[in-house]
Amino acid sequence: MTRGILITGNETSLLAATAAEAAKRTESFATVLVPNRFSDLKSQDGESVMPKVELSDRAIPLSWNPASSISARTMVLAAENRLGQINDAILICSPPAAFKTPAPEEIEFFVNNQIKGWFFLIQDLLKYFRRTGKGSLSLVAPEISSGGKNTQVDLMGPPALASFQSFTQGILASSVNEPFLVMGFTGAEAGVEEEFAAWLFKVIDEGNKKNSGRWQKFSKIKFFR
């Protein structure tokens with residue numbers, strides 16, 4: 001049976017690099033993009049905060065409403081049906097930046113899509129892997145640069161990422177005795193997305209149970225050694 005890989009996250013270069021690595025390992029894989037209301041935001045130098053990315057034609061797009069626990073359950077079931085099974089689930093938390101004071105409805109949208117949704121999805125994936133008794137769940141929390149004194153302040157991204165990191169820490173601590181792998185990944189700084197994605201899959205492919213329940217930090221020096 002073909003390896004079933006599910007990749008979920010914001011539309012970023014890191015997700016695109018991870019999808020490209022997945023395409024090297026299987027005929028098709030599932031991708032779920034987190035909805036983003038901040039796609040029209042620009043950084044101080046005029047660049048788009050969340051630019052569109054190109055995904056492999058092997059990617060099977062699935063829909064997901066992060067605000068709904070039912071939608072998370074439905075999406076996991078859809079991934080299983082389309083792939084035959086989910087062997088590896090990779091969740092990449094790369095929340096978009098918000099450089100202006102968000103309106104109340106934007107705050108609610110952001111919390112639902114960038115914080116609450118991850119809680120629902122991770123819980124359903126844990127239930128899936130407990131049922132199958134095998135596979136890997138990888139939770140990726142990229143670094144967010146604090147920038148210099150002249151850098152615009154991101155009002156939403158860091159709190160969302162901190163929530164994901166904290167939740168991941170709790171999941172890792174409680175998963176050491178699970179029959180499947182649960183790993184946290186960090187260290188994906190801007191400019192090393194392709195190397196990080198290659199290393200990420202290298203760790204997953206090794207399937208070392210000693211890595212389960214722990215954070216794995218990317219080191220470019222170690223990767224190329």
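Among contacts (heavy atoms within 4.5 Å) in the protein between residues at least 6 apart in sequence, 80% join residues at least 24 apart. The model is a predicted one, in which local features need pLDDT of at least 70 and side-chain atom pairs count only at pLDDT 80 or more, whereas totals for chains, interfaces and linings use all residues. Residues are numbered from 1 along each chain as its sequence is written, and side-chain values use heavy atoms, with hydrogens and water left out.

The secondary structure comprises six helices and seven strands, taken as DSSP runs (H or I of at least four residues for helices, E of at least two for strands) and numbered from the N terminus. From the N terminus on, these elements follow the order β-α-β-β-α-β-α-β-α-β-α-β-α. Of the 225 residues, 52% count as buried, a term that stands for under 20% relative accessible area, with exposed meaning over 50% and partly exposed lying in between (1.4 Å probe, protein chains only). The protein exposes about 10,900 Å², of which carbon and sulfur atoms supply 51%; accessible areas come from the Shrake-Rupley method with a 1.4 Å probe, and for residues only the protein chains shown count as cover.

The seven strands form an open sheet in the order 3-2-1-4-5-6-7, with parallel pairing, where two strands are said to pair if DSSP finds at least two bridges between them. Strand 3 (59-61) and strand 7 (215-217) stand at the edges with a single partner strand each, so that one side of each is left without a neighbour in the sheet. On average, and with direction ignored, neighbouring strands of this sheet are turned by 25° against each other; axes are lines fitted to C-alpha atoms, for helices over the stretch in contact, and angles run from 0 to 180 degrees between N-to-C directions. Helix 2 packs on the sheet by touching strand 1, strand 2 and strand 3, and its direction makes about 145° with that of strand 1. Helix 5 also packs on the sheet, where it touches strand 1, strand 4, strand 5, strand 6 and strand 7, its direction making about 160° with that of strand 6.

Strand 1 is largely enclosed by the rest of the structure, because five of its five residues are buried. In a regular strand the side chains alternate between the two faces of the sheet. In strand 1, I5, I7 and G9 point one way and L6 and T8 the other way, and all are buried. Strand 1 pairs with strand 4 in the parallel sense over five bridges, in which D88 of strand 4 is the bridge partner of I5. Strand 1 is also joined to strand 2 by four bridges, the two running parallel, and A30 in strand 2 is the bridge partner of L6.

Helix 1 (residues 13-23) is likewise mostly covered, with nine of its 11 residues buried; L14, L15, A16 and A17 are among them. The buried residues of this helix pack against strand 1 (5-9), strand 2 (29-33), strand 4 (88-92), strand 5 (136-140) and helix 5 (193-206).

Further along the sheet, strand 5 and strand 6 (residues 181-186) run parallel and are joined by five bridges, with S136 standing opposite L181 in strand 6. G184 is placed in strand 6 and is buried, with a relative accessible area of 0%. The C-alpha atoms of G184 and L139, 45 residues apart along the chain, are separated by 4.8 Å. Not counting residues up to four places away in sequence, G184 touches L139, T168, L172, R214, W215 and Q216.

Within helix 2 (residues 69-83), E80 counts as buried because its relative accessibility is 19%. The side chains of E80 and R131 are joined by a polar contact of 3.4 Å (a pair of N or O atoms within 3.5 Å; within protein, one must be able to donate a hydrogen and the other to accept it, and residues adjacent in sequence count only if both atoms are side-chain atoms). Leaving aside neighbours within four places in sequence, E80 is in contact with Q85, I86, Y128 and R131.

In the loop between strand 4 and helix 3 (104-132), P95 is buried, with a relative accessible area of 9%. The C-alpha atoms of P95 and L161 are separated by 6.7 Å, although these residues are 66 residues apart along the chain.
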